[in-house]
Amino acid sequence: MSVLNISSAHDARAVRVGGAAWVLMSLYFVAEVVTAAAWPRRYEATTDSISKLGATGCDGSASQLAVARICSPLHALMNGAFVMTGVLIVVGAVGLRGFLPAGRLRVTALALLVLAALTGLVPINVDAGLHQIVATPTFVARNAALAFLAVALFERWRGFAVWTGSCCLAGMLGTIAIAVPGTSFGATERLALYPFTLWVVSAGVAALMVSPGRRHPCPRP
């Protein structure tokens with residue numbers, strides 16, 4: 001079986017940086033909870049979209065709330081979290097690329113991870129159409145990336161590959177459910193997107209558990 005030897009200082013540093021970046025993705029959930037709690041009205045996670053948390057133009061004052069359809073006083077925090085997650089996805093993907101076998105699978109998986117990082121650039125209330133154009137590829141790219149990663153990892157890290165495939169399946173079911181009439185958008189959107197984020201955090205933890213000098217069942221890049 002091929003192995004990855006991360007004993008060199010360069011390899012070990014790349015794993016630590018990449019793993020830490022992906023673990024920090026967990027802060028996204030904190031930002032979402034804090035932003036939702038600041039809404040003047042009750043934010044319903046099952047029906048309200050994630051994009052609404054980043055809607056600009058309302059600070060929660062009574063005068064603005066009277067005319068605003070969507071009011072998210074901490075929109076800057078949420079949009080910052082969107083951008084942060086995009087940066088962390090790319091940093092982690094670059095740092096941990098050595099866990100994937102060299103070749104087309106790795107190139108495709110990394111390209112999809114970069115595409116999955118493009119979100120939060122256009123708040124929904126600023127330009128709903130452009131927001132949709134920017135955000136829609138995220139749904140496809142995240143789950144497609146997990147599919148390619150599951151295949152790439154299967155021969156050398158089978159247990160984690162199965163976990164990766166499970167997250168992919170859950171995300172795909174959520175994405176399909178969004179188009180089903182009568183479903184709650186907030187719930188299906190989270191089912192479509194959360195598995196990827198959870199997988200990223202778990203992959204970061206797994207990478208950090210690989211100590212310098214320890215041999216891991218993955219090929220050298």
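The dialogue below takes up each feature in turn.

Author: This is a predicted model, in which local features need pLDDT of at least 70, side-chain atom pairs count only at pLDDT 80 or more, and totals for chains, interfaces and linings use all residues. Residues are numbered from 1 along each chain as its sequence is written, and side-chain values use heavy atoms, with hydrogens and water left out.

Reader: How many disulfides does a search of the whole structure find?

Author: A disulfide is a covalent bond between the sulfur atoms of two cysteines. The criterion applied is a pair of cysteine sulfur atoms within 2.5 Å. Here the search returns zero disulfides.

Reader: Is Cys 168 buried or exposed?

Author: Buried means under 20% relative accessible area, exposed over 50%, and partly exposed in between, with a 1.4 Å probe and protein chains only. Cys 168 is buried at 6% relative accessibility, and Cys 167 is likewise buried at 5%. Across the protein, 43% of the 221 residues count as buried.

Reader: Which helices and strands does the protein contain, and in what order do the elements run?

Author: Helices (H or I, at least four residues) and strands (E, at least two) are DSSP runs, numbered from the N terminus. The protein has eight helices and two strands, arranged from the N terminus as β-α-α-α-α-α-α-α-α-β.
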